[in-house]
Amino acid sequence: MIKSFEEIHELIKKDEMSIEELKNVLDKMVSKGNIGWRERDGINYYRIIPLVVGLDESKVYDLSLEYLKLLFEYMIESRFPLKLVTSKVPQLRTIPVEQSITPQHYIKNYDKLKSLIENMEGPFVVLDCICKKTAALGGNKCKMTSRLETCFVFGDIAKTWLKRGLGRQISKAETLELLQKGEEEGLILQSSNSQKPEFICCCCRCCCGILSMQKLIPNPIKFWRSNYYAEIDTELCEGCKTCVERCQVDAIMIKKSKNIAKVNFNRCIGCGNCVTTGPTHAIRLVKKKDEILPPKDYIELYEEIMRSENK
Ligand code: SF4
Ligand code: SF4
Ligand code: SF4
């Protein structure tokens, strides 16, 4: 899946393309955001990237109505969005708001924003969010934040953006600060589904293509990686609806007969957004009995996705 320049040259008909020509083609594709790239010990490696999250996001600084029209036509024709949100191995996982987790639960590093960022290898780059930009082009501004820079990339993928001359390089401390700001605004932190994520997005119900699609299926949690769920203490709940408004995926409702909140466990993605704002501390995040260990890194993740799709 990830191949060195020399390995790719071995694969093509060498008499049809010289090493120099191949290098130019691959570098042009990287600069357009059409393929992934990384460098190790002076050797260049290239990889195919998915349409979402990948190719589409790479167009964020070059968005046009014409591109969006073509993309939507393809999406409808191929039923890609449905395939994406019902993938057996999801590309994304939720990072829960840390203070929403009951202290007795041991939190793994990949579920803990602060440790995740502290242990992350740089560089750190913040990008404009393509979903918020797309919504704005259609005349719909994000209702949760006025910031456009809500997508964060790290390590190899950040180096690729810097190589393209796009995005804004920031420090580790600023990355954490901006992500925590996203949590305060009620955005859901979604990372790539691996122990060493290559990106973290701050997503909202109004603009995020993936969250909007998830809302259309009855049991999104079946296709979502999260190790937590929200639990309500019915004795403490006052039926104020703060949690209902705060939840981005319609996972809480008020039971009219009793005027207390009820969680739909088929929908709750364990983000913890509802926990931190309630007036009576009636909600807590509970760890699932069977914790799912995410793949080690993006290479393992995409190998798992491809294996599961080919079964
Ligand atoms: S997935 Fe979320 S943060 Fe990422 S581009 Fe979409 S809305 Fe923006
Ligand atoms: S925020 Fe708390 S008190 Fe208000 S409805 Fe939700 S659980 Fe009940
Ligand atoms: S109920 Fe909604 S806001 Fe609360 S943890 Fe679940 S998904 Fe998040």
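This is a predicted model: local features need pLDDT of at least 70, side-chain atom pairs count only at pLDDT 80 or more; totals for chains, interfaces and linings use all residues.

Mentor: Residues are numbered from 1 along each chain as its sequence is written, chains are lettered from A and ligands numbered from 1 in the order in which they are written, and side-chain values use heavy atoms, with hydrogens and water left out.

Trainee: What makes a residue part of the group that surrounds ligand 1?
Mentor: A residue is near a molecule if one of its heavy atoms lies within 4 Å of it. For ligand 1 that gives Cys 129, Ile 130, Cys 131, Lys 132, Cys 151, Cys 201, Cys 202, Cys 203 and Cys 208. Helix H7 (130–137) and strand E9 (199–203) are the elements that give two or more residues to that shell; helices (H or I, at least four residues) and strands (E, at least two) are DSSP runs, numbered from the N terminus.

Trainee: Why do eight residues of the shell around ligand 1 count as nonpolar?
Mentor: Because Ala, Val, Leu, Ile, Met, Phe, Trp, Tyr, Cys and Pro count as nonpolar, Asp, Glu, Lys and Arg as charged, and the others, Gly among them, as polar. The shell then divides into eight nonpolar, no polar and one charged.

Trainee: Which residues of helix H8 are called buried?
Mentor: In H8 (residues 155–163) they are Gly 155, Asp 156, Ile 157, Ala 158, Thr 160 and Trp 161. Buried means under 20% relative accessible area (1.4 Å probe, protein chains only), so each of those six falls under that cut-off.

Trainee: What makes the second largest pocket a pocket and not a cavity?
Mentor: On a 1 Å grid over the protein atoms alone, a cavity is a set of points where a 1.4 Å probe fits but cannot get out, while a pocket is an open set with protein on both sides within 12 Å along at least five of seven lines. About 440 Å³ of space lies in this pocket, the volume being the space filled by probe spheres set on the points, which are joined across faces, edges and corners. Of its 19 lining residues (an atom within 4 Å of a point), the closest to its centre are Pro 50, Gln 91, Ile 305, Met 306 and Glu 309. H12 gives the largest share of that lining, five residues.

Conventions. Buried means under 20% relative accessible area, exposed over 50%, partly exposed in between (1.4 Å probe, protein chains only).
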